[in-house]
Amino acid sequence: MKSKNKSLAKSVRWYRKWHRYIAMSLLVFIAIISLSGILLAWKDELQLKPPSEKSANTNLELLPLSKIETIAVNHIKDTNLDTTINRIDYRPRKGIAKVRFETHFTELQIDCYTGKILSEKTRTADIIEMIHEGSIVDFLFNSESKSVKLIYSSLIGFGLLFLSFSGFWLWKKPKQIKKNKF
């Protein structure tokens with residue numbers, strides 16, 4: 001029984017050592033992921049993304065998507081930002097189209113009936129999301145490969161899995177050792 005307890009104690013010491021090393025090395029990243037996750041959960045309440053506008057002109061004919069794209073590109077040209085569009089979120093029931101761009105976080109909301117720009121805001125929630133998943137580094141360095149995001153997510157994921165397992169082990173094994181003594 002004594003040799004079994006020695007073996008368990010040795011195992012616990014090994015897990016405690018590695019639990020500490022991994023936790024200390026991932027501490028900053030876990031804090032970043034936790035804080036950005038909280039902000040993402042509260043993004044609507046904190047108004048980190050632009051609220052959706054609504055068109056007042058619902059009796060007119062909807063503009064074609066190509067016309068909305070042209071309006072967005074011409075408006076962004078005037079601000080000297082890149083005009084490459086990432087996506088257009090077309091919402092005919094609300095009478096708006098949300099236009100988001102590839103290399104900056106500007107969102108234009110355009111009236112689908114008149115072509116008037118209803119809102120031009122920065123999508124802060126998108127920046128926070130990129131920080132949360134690690135793709136902000138790929139974005140800042142204009143990397144197409146998304147390799148930093150994959151490495152970052154994998155290291156953090158495996159690190160947290162190990163910390164979960166070793167934390168459970170560090171809780172359970174001393175109880176076994178105590179039980180074996182009696």
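Me: Where is glutamine 47 found?
Reply: This is a predicted model. Glutamine 47 is in the loop that runs between H1 and helix H2 (65-78).

Me: Why is glutamine 47 called exposed?
Reply: Its relative accessible area is 67%. The label exposed applies over 50%, so glutamine 47 counts as exposed.

Me: What is the phi of glutamine 47?
Reply: Phi of glutamine 47 is near 55 degrees, which is a positive value in a residue other than glycine.

Me: What can be said of asparagine 80?
Reply: Asparagine 80 also has a positive phi, near 60 degrees, and is not a glycine. Asparagine 80 sits in the loop between H2 and strand E1 (85-91).

Me: What makes asparagine 80 exposed?
Reply: Asparagine 80 has a relative accessibility of 71%. The cut-off for exposed is over 50%, and therefore asparagine 80 gets that label.

Me: Why is glycine 37 called partly exposed?
Reply: Glycine 37 lies in helix H1 and has 24% relative accessibility. Buried would need a value under 20%, and exposed one over 50%. The value for glycine 37 falls in between, so the label is partly exposed.

Me: How far apart are glycine 37 and glutamate 102?
Reply: In sequence they are 65 residues apart; in space they are 23 Å apart, C-alpha to C-alpha.

Me: How do you know that H1 is roughly antiparallel to H5?
Reply: The axes of helix H1 (residues 2-41) and helix H5 (residues 147-181) come within 8 Å and cross at roughly 150 degrees. Angles over 145 degrees count as roughly antiparallel, so H1 is roughly antiparallel to H5. The crossing of H1 and H5 is left-handed.

Me: Which classes of residue make up the contact of H1 with H5?
Reply: That contact has 24 nonpolar, eight polar and four charged residues.

Me: What volume does the largest pocket have, and which residues are closest to its centre?
Reply: The volume is about 540 Å³. The largest pocket is lined by 22 residues, and those closest to its centre are Asn86, Glu102, Met130, Phe139 and Lys146.

Me: Which elements give two or more residues to the lining of the largest pocket?
Reply: They are E1, strand E2 (96-101), helix H3 (124-133) and helix H4 (135-140). H3 gives the most, with four residues. By class, the lining of the largest pocket has four nonpolar, seven polar and eleven charged residues.

Definitions and conventions. Residues are numbered from 1 along each chain as its sequence is written. This is a predicted model: local features need pLDDT of at least 70, side-chain atom pairs count only at pLDDT 80 or more; totals for chains, interfaces and linings use all residues. Side-chain values use heavy atoms; hydrogens and water are left out. Axes are lines fitted to C-alpha atoms, for helices over the stretch in contact, and angles run from 0 to 180 degrees between N-to-C directions. Angles under 35 degrees count as roughly parallel, over 145 as roughly antiparallel, 65 to 115 as roughly perpendicular and the rest as oblique. A crossing is left-handed if the near helix is turned anticlockwise from the far one by less than a right angle, and right-handed if clockwise. Ala, Val, Leu, Ile, Met, Phe, Trp, Tyr, Cys and Pro count as nonpolar, Asp, Glu, Lys and Arg as charged, and the others, Gly among them, as polar. Buried means under 20% relative accessible area, exposed over 50%, partly exposed in between (1.4 Å probe, protein chains only). On a 1 Å grid over the protein atoms alone, a cavity is a set of points where a 1.4 Å probe fits but cannot get out, and a pocket is an open set with protein on both sides within 12 Å along at least five of seven lines; lining residues have an atom within 4 Å of a point. Grid points are joined across faces, edges and corners, and a volume is the space filled by probe spheres set on the points.
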